[in-house]
Amino acid sequence: MRYQIEGAPLPVVICQLEPGESMMTERGSMCWMSPNMRMETTTGGGIGKAIGRMFAGEAMFQNRYTAEGGPGMIAFASSFPGSIVPFSIGPGAGMVVQKSGFLASETGVTLSVHFQKKLGAGFFGGEGLIMQRLAGYGTAFVEFDGHVVPYDLNAGESIIVDTGYLAAMSESCEMDVVAVPGVKNMFFGGEGLFNTVVRGPGRVWLQTMPASAVAGSLRPFLVTSGN
């Protein structure tokens with residue numbers, strides 16, 4: 001499979017497949033394809049995994065697209081202004097990504113639920129109790145909100161992230177939450193009550209325009225008629 005990513009800040013990934021090669025997608029993200037691409041809707045490993053994907057923010061069923069009778073082409077578009085980032089998934093190189101971040105992948109990549117080990121990180125960290133785990137092998141495409149900035153963390157190093165800005169991290173990283181220090185800072189600083197802390201070793205990917213932050217900025221302007 002060969003691919004190219006075009007069109008930022010409304011990106012699309014265009015994949016060129018050899019005969020018999022397949023791609024998986026979750027939310028009907030296919031936007032165009034060659035006529036010889038055959039679509040098959042599956043549970044992607046059984047009803048248990050389908051239900052797990054639902055809790056991770058994806059559809060219960062997956063769509064598999066296969067090139068038949070010759071090379072094929074298929075394109076997957078992002079659902080929000082931002083970035084599409086390719087990840088090479090392999091043994092010891094799994095990824096944990098934000099809920100609903102998965103866009104498409106080669107069929108060797110598996111998508112499952114990742115529960116935060118520490119309940120506080122899930123309830124108060126702003127990233128959610130449930131995230132997505134990408135394992136197996138192959139290339140996966142993940143969509144992020146806005147521009148993406150990666151950071152490499154050594155063992156013992158950490159970074160503090162505001163709510164919603166953590167897009168993905170290596171499976172080797174750990175996530176926790178800390179309270180904003182000081183009562184005045186907590187209630188009048190405008191940054192919320194808690195921050196997310198990610199600890200290495202591993203890499204983290206931070207996004208500059210979380211959909212939740214955009215929604216919060218627009219909320220004061222979305223007034224109902226008569227107000």
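Is Ser-100 buried, partly exposed or exposed? Select Ser-100 and you'll find it counts as partly exposed, at 30% relative accessibility; buried means under 20% relative accessible area, exposed over 50%, and partly exposed in between, using a 1.4 Å probe and protein chains only.

Before moving on, know that this is a predicted model, where local features need pLDDT of at least 70, side-chain atom pairs count only at pLDDT 80 or more, and totals for chains, interfaces and linings use all residues. Residues are numbered from 1 along each chain as its sequence is written, and side-chain values use heavy atoms, leaving out hydrogens and water.

Stay on Ser-100 a moment. Its phi is positive, about 70 degrees, although Ser-100 is not a glycine. Look around it: this is the loop between strand S9 (95-97) and strand S10 (102-106). Strands (E, at least two residues) and helices (H or I, at least four) are DSSP runs, numbered from the N terminus.

Most residues other than glycine have a negative phi, and most peptide bonds are trans. Now hop to Ala-8 and Pro-9, which are joined by a cis peptide bond with omega of about 15 degrees. Pro-9 sits in the loop between strand S1 (2-6) and strand S2 (12-17).

Next, pick Gly-200 and Pro-201. The bond from Gly-200 to Pro-201 is cis too, with omega near 15 degrees, and Pro-201 belongs to the loop between strand S18 (194-199) and strand S19 (202-207).

Last stop: Phe-221, in the segment after helix H4 (211-218). Phe-221 is exposed, with a relative accessible area of 67%.
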